[in-house]
Amino acid sequence: MPIIDIKEAMPGMVLSKNIENEENGITLITSGTVLNSRIIERISSIGIKYVHIFQKIEEDKELLIVEEEYELQETHKEFADKTKKLLHSIQLGKKPVITEISDVMDDLINQVTKSNNVLGKLRQLQKESDYLFEHSIKVSMLATMLAKWLNYSNKDLKLIGYAGVFHDIGKLKISHDILNKAGKLNSREFEIMKKHTVYGYNILQDTIGVSKSVALSALQHHEREDGSGYPLGFKSEKIHEFAQIIAICDIFNAMTTDKVYKSKQSPFKAAEYIARCSFNKLNPRIARVFLDNISKFYVGNVVKLNTGDIGEIILIHKNEPTRPVIKVGEGFVDLLIEKNIEIEEVIN
Ligand SMILES: [Fe+2]
């Protein structure tokens, strides 16, 4: 893996080593980032003279990246088609045959875990008209990625992938009116909605080839560490770790996706909410790994602030990953200091 002078860096080259702040070791740009002129300019402007890249001539690499993205898109499409069929047959009261999605789940896990920019790709993936369906697929991908960051075995990655796809399967038994209500549910409706956890557990328990951990994830993904969740009000030690992983990915994806009754929020707002919940409602260790890793993806992204300013994320603080430093024009806005400023939108 060659080291090159930053003056020789060209768009399309791929970093093979993180670029870190020399003083505090904070990662500024992660390995795997594809350089563009904006990023090259920024690297030079902070005084970095040399960068590690995968190879000097990047045509092959670029091709590889395009191929990788194409592969992920194709696999996602196949995964989506097969999962849709499976969910549809459950809706019709048939017993699901889990082996039908086993191979494509393997492919998806492979690609999600080797890719350096799953979050970016998640944003690009085809939008589905059916929120529940799209949500299930995306939670599955996020959960697999998080499980990889937590160093789970390949066997567990697959189980967590299934747990993501099926966590809300019980909603197939909730009426359309409640599921798609354009507004807050009243208490009667909410009581009905809560039952999707138990319905999901029952469906999955009855399905041949489904691990108990996957069924428990459907049952427990709305349980919270302090016992304030549902359906049973279990506390931390009684909640299966897979369900704790799904809970975080469920919240993150729900908050960052447009819904009938609420428009999406920025990933940083979702991350801040998760950070707040990690004090009492979400597993703090898992939340920490999620926040640390997910924030790094956004270095180099252009964002819109609630002040109306547009800027670029240039630094993620190690201990406060949800409050990065933004370069706006010639100046810098440190969200760690400017407590009232928020990232409203990630533009690209
Ligand atoms: Fe749910």
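Predicted model: local features only at pLDDT ≥ 70, side-chain atom pairs only at ≥ 80, totals over all residues.
1. Helix α5 covers residues 131–149, which makes 19 residues, and extends 27 Å from its first C-alpha to its last, close to the 27 Å expected at 1.5 Å a residue. The expected span is defined as 1.5 Å times one less than the number of residues in the helix. Helices here are DSSP runs of H or I with at least four residues, strands are runs of E with at least two, and both are numbered from the N terminus.

2. Residue numbers start from 1 along each chain as its sequence is written.

3. Just after α5, N151 takes a positive phi of about 60 degrees, although N151 is not a glycine. Most residues other than glycine have a negative phi. N151 is placed in the loop between α5 and α6 (154–166). N151 counts as exposed because it has 8 C-beta neighbours inside 10 Å. The classes are as follows: a residue is buried if 20 or more other C-beta atoms lie within 10 Å of its own, exposed if 12 or fewer do, and partly exposed in between, with C-beta atoms placed from the backbone.

4. Most peptide bonds are trans. P231 is located in the loop between α10 (212–220) and α11.

5. The protein chain as a whole has 13 helices and 9 strands. Its radius of gyration is 21 Å, close to the 20 Å that the globule rule gives for 348 residues, so the chain is as compact as a globular protein of that length. The radius is taken over C-alpha atoms, and the globule rule is 2.2 Å times the number of residues to the power 0.38. Along the principal axes, the C-alpha trace of the protein chain spans about 65 × 45 × 35 Å.

6. Of the 348 residues in the protein chain, 35% are buried. Among contacts with a separation of 6 or more, 61% join residues 24 or more positions apart. Two residues are in contact if their C-beta atoms, placed from the backbone, lie within 7 Å.

7. The protein chain is divided into domain 1 (3–52), domain 2 (97–264) and domain 3 (302–346); such bounds come from an automatic or database domain assignment. The centres of domain 1 and domain 3, taken over C-alpha atoms, are 20 Å apart. Their contact takes 4 residues from domain 1 and 5 residues from domain 3. The side of domain 1 that touches domain 3 has 2 nonpolar, 1 polar and 1 charged residues. In this scheme Ala, Val, Leu, Ile, Met, Phe, Trp, Tyr, Cys and Pro count as nonpolar, Asp, Glu, Lys and Arg as charged, and the others, Gly among them, as polar.

8. The largest nonpolar core has 72 residues, and A143, I245 and I248 have the most contacts inside it. A nonpolar core is a set of buried Ala, Val, Leu, Ile, Met, Phe, Trp, Tyr and Cys residues joined through C-beta atoms within 7 Å. Not counting residues up to four places away in sequence, I245 touches A143, L146, A147, I160 and I286.

9. Helix α10 is mostly covered, with 7 of its 9 residues buried. The buried residues are V214, A215, L216, S217, A218, L219 and Q220. Their cover includes α6, α9 (196–205) and α11.

10. In helix α12 (residues 267–277), the buried residues are P267, F268, A270, A271, E272 and I274. They pack against α11 (241–255), α13 (284–296) and β9 (343–346). I274 is buried because 24 other C-beta atoms lie within 10 Å. Leaving aside neighbours within four places in sequence, I274 is in contact with I248, I251, F252, L282, A287, F290 and L291.

11. Two further helix residues are worth noting. M193 is found in helix α8 (residues 187–194) and counts as partly exposed, with 19 C-beta neighbours inside 10 Å. Beyond four places in sequence, M193 is in contact with I174, I178 and L185. R38 is in helix α1 (residues 37–45) and counts as exposed, with 12 C-beta neighbours inside 10 Å.
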